[in-house]
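Colleague: Before I look at this fold on my own screen, please take me through how its parts are packed against each other.

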Amino acid sequence: MKPLLPIIPYPSQEVRRLPGLFLLSDPLAVSVSSDWSGQEADAFLSLVGELLSVRTVRVPAEGNRAAIRIGRRMSPMNDEGYALDVGTEGISIEAMGSSGVLYGLQSLRQLKTAYADGVPCCHVVDEPMLPWRGFMLDVARTFCPFDDLLRIVDILSGLKLNMLHLHLSDDQGWRFPVDGYPALVEGSGHDWYTKQQLRDLVSYAARRHVSIVPEIDMPGHVLSALVEYPRFSCSGGPFSLPTGEGIFSDILCIGNDDAIAFAKTVVAEVCEVFPAPFIHLGGDEIPLQAWRSCPKCQRRKLSLGLADERALLRWFCNEIARYARQFGKQVILWSDYIDGGYVPYILPQVWNPLVGRGKEDRLPHPAIYSEYFHTYLDMGHDLVPLRNVYGYGKMLRSMAHANGDDAVVGAELLLWTEYVTTREDRDLHMFPRLLAGAEAFWTDFRRADYRRFLRIVEQYAASYFPDISIVLRTQWDPPLPIRLVSRWKRWRRVKRNSTQAGIVL
Ligand SMILES: [Zn+2]
């Protein structure tokens with residue numbers, strides 16, 4: 001067998017293992033070329049110390065005292081790309097951007113962890129296939145303690161995933177405090193994050209080149225808000241907090257100006273806390289019956305001259321997207337309802353595997369892709385086996401091939417938490433599928449090799465992530481008949497939930 005370099009995700013371009021080892025000393029001499037600013041150089045030094053668990057000493061870039069030399073690569077390269085060269089005399093990392101330096105260090109960290117007696121000499125040139133490589137965590141159904149969020153940021157950064165999409169509100173819980181509407185969290189009896197914690201999370205993640213994409217779902221999936229503010233519903237309530245999964249028929253009354261003002265205040269405060277130029281507003285699974293029987297919503301529909309409730313929904317989404325744009329934010333929506341009538345600067349996130357399969361007019365692109373049977377980590381391995389997650393890279397590539405390179409902005413793995421309620425359970429759903437997703441999104445699909453991936457995961461994943469629980473190897477890829485039956489049963493259940501709520505998939 002060819003000696004392999006155990007890096008996850010596997011490098012995209014050049015990977016060569018060379019004879020010899022380099023032993024990292026402690027303290028470690030690091031030089032940073034003058035092409036980087038003083039601030040960047042300081043950040044690199046502390047990252048080296050943190051990721052390689054060593055003390056660092058800065059030495060001049062001239063001369064050859066440095067064990068690690070961080071240089072700037074001037075030949076054209078993807079901003080996140082890097083070149084890593086380990087020789088018996090020292091290590092060099094070159095990149096165009098600071099994220100590239102971080103990723104070079106992350107690869108080095110894995111190599112250091114894998115080989116106790118020294119880092120193997122090698123030559124690596126690497127860059128990502130997709131610019132948006134995300135993981136969505138539903139912190140609404142099950143609250144994720146703040147420290148666990150930091151741990152997840154570390155894990156994502158180690159796998160070169162650069163987007164943490166936080167699903168902050170849903171029917172079952174609201175985790176974001178809104179100054180104008182304090183009852184959303186205070187006295188609600190459930191956990192939430194303070195704005196200061198969220199700001200701390202943003203800056204912690206920024207150092208590791210992970211952006212936080214906040215999601216507040218509207219105008220559906222808002223029962224947790226309606227429990228506290230029933231006047232924003234069509235019926236006036238009262239409501240109680242649901243548990244378990246489902247699509248609930250009480251949604252925001254968009255015939256009510258106060259409810260629209262509420263939605264806008266929430267958006268404004270979310271935009272203020274999270275600096276990333278994106279805000280996700282859900283916009284999925286919206287049963288329209290409530291609006292059909294609400295005099296206010298009907299009045300709104302007539303005064304705007306709209307044909308039906310679908311048009312009313314389109315009006316609301318466009319209104320909010322325009323509003324968010326004033327803050328320099330692009331709105332992301334689940335793609336369920338998006339058609340040509342939506343403002344073009346809404347970015348769709350596709351979850352439905354039927355979208356874009358032969359019905360060209362329904363393919364909303366450019367888009368972020370998170371298809372059900374490839375990225376839903378809350379599902380068991382019988383529904384979303386490891387192999388499917390790994391194979392998603394090739395599918396994304398062929399979609400981009402068919403629809404133009406810009407069609408696929410990126411992809412996300414999703415973890416909904418109606419039934420994933422403890423940290424251990426979360427780990428078991430994430431691992432090793434998160435690793436497969438990271439490789440699917442990062443590595444050029446022509447370099448994809450599932451058997452190599454399995455070898456690396458089996459041998460090294462436990463040492464790369466020492467404190468996580470991973471499902472047994474025998475469960476990663478259940479036999480086909482089991483997978484087909486599970487898939488059929490699950491799809492029937494999704495359809496039934498939707499049909500009960502009056503939604504056509
Ligand atoms: Zn209404």
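**Packing of helices, sheet and domains**

Colleague: Is the crossing of α11 and α13 left-handed or right-handed?
Modeller: This is a predicted model, in which local features need pLDDT of at least 70 and side-chain atom pairs count only at pLDDT 80 or more, while totals for chains, interfaces and linings use all residues. Residues are numbered from 1 along each chain as its sequence is written, and helices (H or I, at least four residues) and strands (E, at least two) are DSSP runs numbered from the N terminus. With the near helix turned from the far one by less than a right angle, anticlockwise is left-handed and clockwise right-handed, and the crossing of α11 and α13 is right-handed.

Colleague: At what angle do the axes of α11 and α13 cross?
Modeller: The axes, lines fitted to C-alpha atoms over the stretch in contact, with angles from 0 to 180 degrees between N-to-C directions, come within 6 Å for α11 (residues 386-403) and α13 (residues 433-442), and they cross at roughly 15 degrees. That makes the two helices roughly parallel (under 35 degrees; over 145 is roughly antiparallel, 65 to 115 roughly perpendicular, the rest oblique). The angle asked for is therefore roughly 15 degrees.

Colleague: Which residues of α13 does α11 meet?
Modeller: Contact requires C-beta atoms, placed from the backbone, within 7 Å. From α11, L386, V389, Y390, Y392 and G393 take part, and they meet, in α13, R433, A436, G437, E439, A440 and F441.

Colleague: Which strands lie at the edges of the seven-stranded sheet?
Modeller: Strands pair if DSSP finds at least two bridges between them, and the open, mixed sheet has the order β1-β7-β5-β6-β4-β2-β3. Pairing on one side only, the edge strands are β1 (14-22) and β3 (56-58).

Colleague: Which residue of β6 is the bridge partner of R72?
Modeller: Strand β4 (residues 68-72) pairs with strand β6 (residues 90-95) in the parallel sense, over five bridges. Within β6, the bridge partner of R72 is A95.

Colleague: How are α2 and α14 oriented to each other?
Modeller: The axes of α2 (residues 98-114) and α14 (residues 450-464) come within 10 Å and cross at roughly 100 degrees. The two helices, α2 and α14, are therefore roughly perpendicular.

Colleague: Which element gives the most to the side of domain 1 that touches domain 2?
Modeller: The domain assignment, automatic or from a database, gives domain 1 (14-126) and domain 2 (132-500). Eight residues of domain 1 contact nine residues of domain 2. With seven residues on the domain 1 side, the element that gives the most is α2.

Terms used: Contact = placed C-beta atoms within 7 Å.
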